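Hi,

Here is the structure I promised to pass on. Have a look at it first, and then read my notes below.

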Amino acid sequence: MTARQTRVLLVCAAFVGGLTLCFGVISLIGGFSSKALQTVQIGGPFRLTDQNGKAVTDQDMKGKPFLVFFGFTHCPDVCPTTLFDVSEVLRSLGPDANRAGALFITVDPERDTAAALKDYLGSFDPHLRGLTGDPEALATVAKEYRVYYRKVPLDGGDYTMDHTAIVYLMDKDGHFVSPFNLKRKPDASAAELRKYL
Ligand SMILES: [Cu+2]
């Protein structure tokens, strides 16, 4: 081996070593932050009404992992896109979708009555349940999920809503697992959800 080859090898070894160290540190930090996130209390008791006028509580969700997303039916893009993505995941779950849950909780109870939710959810997977309730009940559940929302007036007297757009994955005991990633193939998302069945 020439001196030059040895030097190249050494540089390579140092680089790979540095890389390993770097990934080690990143995975340490990653592990720590997701642990830290899990100690934050997300979720809690609620009593709301679904799109069929049926009462739904956190107790009804026991025994099934479920996804929770907050939004409103007049949302121009984030909500319909998310509901479409969640529908794809539910479709990908096949019969297992009956053993999981997906909740769309409105932050706009003024317009999102049970009937409005039923009409809107007709375009998405039938496993999705839309939840509404009185403003106080919705404010409570939003607080439990650390969801921010705000009414924003529009020209002409209309209004829209600003809101947190995180999809939460909850386990079958109603405990928060992690934010649910929909930026991947529906099969991959379904496989993750299946782990919590
Ligand atoms: Cu939205």
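How much space lies in the largest pocket? About 170 Å³, where a volume is the space filled by probe spheres set on grid points joined across faces, edges and corners. A pocket here is an open set of points on a 1 Å grid over the protein atoms alone, where a 1.4 Å probe fits, with protein on both sides within 12 Å along at least five of seven lines; lining residues have an atom within 4 Å of a point.

Before you go on: this is a predicted model, where local features need pLDDT of at least 70 and side-chain atom pairs count only at pLDDT 80 or more, while totals for chains, interfaces and linings use all residues. Residues are numbered from 1 along each chain as its sequence is written, and side-chain values use heavy atoms, with hydrogens and water left out.

Back to the pocket. Its lining has 6 nonpolar, 3 polar and 2 charged residues, among them Val78, Asp85, Val167 and Asn181. Asn181 sits in the loop between strand 9 (176–179) and helix 5 (186–194); helices (H or I, at least four residues) and strands (E, at least two) are DSSP runs, numbered from the N terminus. Asn181 is partly exposed, with a relative accessible area of 36%; buried means under 20%, exposed over 50%, and partly exposed in between (1.4 Å probe, protein chains only). Between the C-alpha atoms of Asn181 and Val167 there are 7.6 Å, although the two are 14 residues apart along the chain.

Next, the metal. A copper ion is coordinated by Cys75 (SG), Cys79 (SG) and His163 (NE2), at 2.1 to 2.2 Å. Donors are N, O and S atoms within 2.8 Å of the metal (3.2 Å for Na, K and Ca), and water is not among the atoms, so sites may look incomplete. Cys75, in the loop between strand 3 (66–71) and helix 2, and His163, in strand 7 (residues 159–163), are 88 residues apart. Both Cys75 and His163 are buried.

Then there's the largest nonpolar core, with 49 residues: a set of buried Ala, Val, Leu, Ile, Met, Phe, Trp, Tyr and Cys residues joined through side-chain atoms within 4.5 Å. Helix 2 (residues 78–93) gives the most to this core, with 6 residues. Phe70 is one of the residues with the most contacts inside the core. Phe70 touches (heavy atoms within 4.5 Å) residues including Cys79, Ile105, Tyr145 and His163.

Overall, the chain has 5 helices and 9 strands, and 40% of its 197 residues are buried.

Cheers

Notes:
Nonpolar A, V, L, I, M, F, W, Y, C, P; charged D, E, K, R; others polar. Lists of a residue's contacts leave out its neighbours within four places in sequence.
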